[in-house]
Amino acid sequence: IKAGLREGSKLVVCVAALEIAPETARDQYVPVGDLIRDGTLDGVCLDGAETMNFHRLRLLRDAPLTAGIFLSGDSLDHRQRAGLLERTALAAVDNPTCDSLWLTGFPTSPAVQAAARALQRRTEAIARREALEEAIRRGTLVVDQEVPDNGGRDQATVHGVAQSFTPSRDAACSLVQIYAAIRGCSGPLPPPLEVEIREDDGGKPAGGPVAKTEIPAAEFGHEPTYRWGTAHFDPPVALRQGVKYWIYLPNARHPEGSFVWRIVKDGAGVRGNAWSRSYDYGNHSWVFRVFVTKKD
């Protein structure tokens, strides 16, 4: 095949990652490593290797090697195509060792649009995160209350749950952060995660929200990858010192997938605790942050 290529053409192999080593091959073993070493291949794109360190393949020889991700839509359920393409496009961009995304079996125009949407949402999420980091650096936003992750491994689904907090000052809350992930999503991303601020009603969230907003699903990773999602309140919520409030998340189970929120067992304190409409979480705490605007 290589000898028959026109001048300037390159030979790229697209193959499942499980098929490139005899220890994991299910059907036919493709000796990618040998083909790289002897200079046969100019590029390799692997299916099922979104987090792979592709630099390891490049180290097999000194000559340049294009290495990246391969995704075929031919064998996918039609309803899953857009979601998997979006996630794969994001994985290709986020992986610093990946320099190629090879797609086959997708209609060209919808594929380009889906990838563009995914990258646009990523760009917007990065811009919001950078704006938050700048506000924190300048001291205009401060964390008034938080429960850190600290490497915990406990979590529960968002099924109508809440976290209480008691502000240490009179302040305006412009955003809260939730440390969560998406579970069971094989197709399009689920709808945004709804976030509300509610007052206290006898040790549980009151019936209606003081303010509400949402976090795009693209801000979270797919389990087991947890990320901070940021809920922006515009206008900010006026909080009173020493008054109990609740961060309330309505039921977020959808056919496209659900959200799971990191929880700390026995993490409740005098300033806050977890709550569930179905279970006793009184001794636990969700992983969260409450930001307030610092007064001059």
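Buried denotes a relative accessible area under 20%, exposed over 50%, and partly exposed in between (1.4 Å probe, protein chains only). The model is predicted, so local features need pLDDT of at least 70 and side-chain atom pairs count only at pLDDT 80 or more, whereas totals for chains, interfaces and linings use all residues. Residues are numbered from 1 along each chain as its sequence is written, and side-chain values use heavy atoms, with hydrogens and water left out.

**View 1. Helix α3 (residues 81–94) and its surroundings.** Helices (H or I, at least four residues) and strands (E, at least two) are DSSP runs numbered from the N terminus. The 14 residues of α3 reach 20 Å from first C-alpha to last, close to the 20 Å expected at 1.5 Å a residue; the expected span is 1.5 Å times one less than the number of residues. Ten of the 14 residues are buried, so α3 is largely enclosed by the rest of the structure. Among them are Arg 81, Glu 86 and Thr 88, as well as Leu 84, Leu 85 and Leu 90. The cover over the buried residues of α3 includes β3 (66–72), β4 (101–104) and α4 (108–138).

**View 2. Ser 258 in strand β14 (residues 258–264).** Ser 258 has a relative accessible area of 11% and is therefore buried. Leaving aside neighbours within four places in sequence, Ser 258 is in contact (heavy atoms within 4.5 Å) with Ala 181, Ile 182, Arg 183, Ala 252 and Arg 253.

**View 3. Gly 269 in the loop between β14 and β15 (274–276).** Gly 269 counts as partly exposed because its relative accessibility is 45%. Gly 269 and Phe 165 are 104 residues apart in sequence, with a C-alpha to C-alpha separation of 9.5 Å in space.
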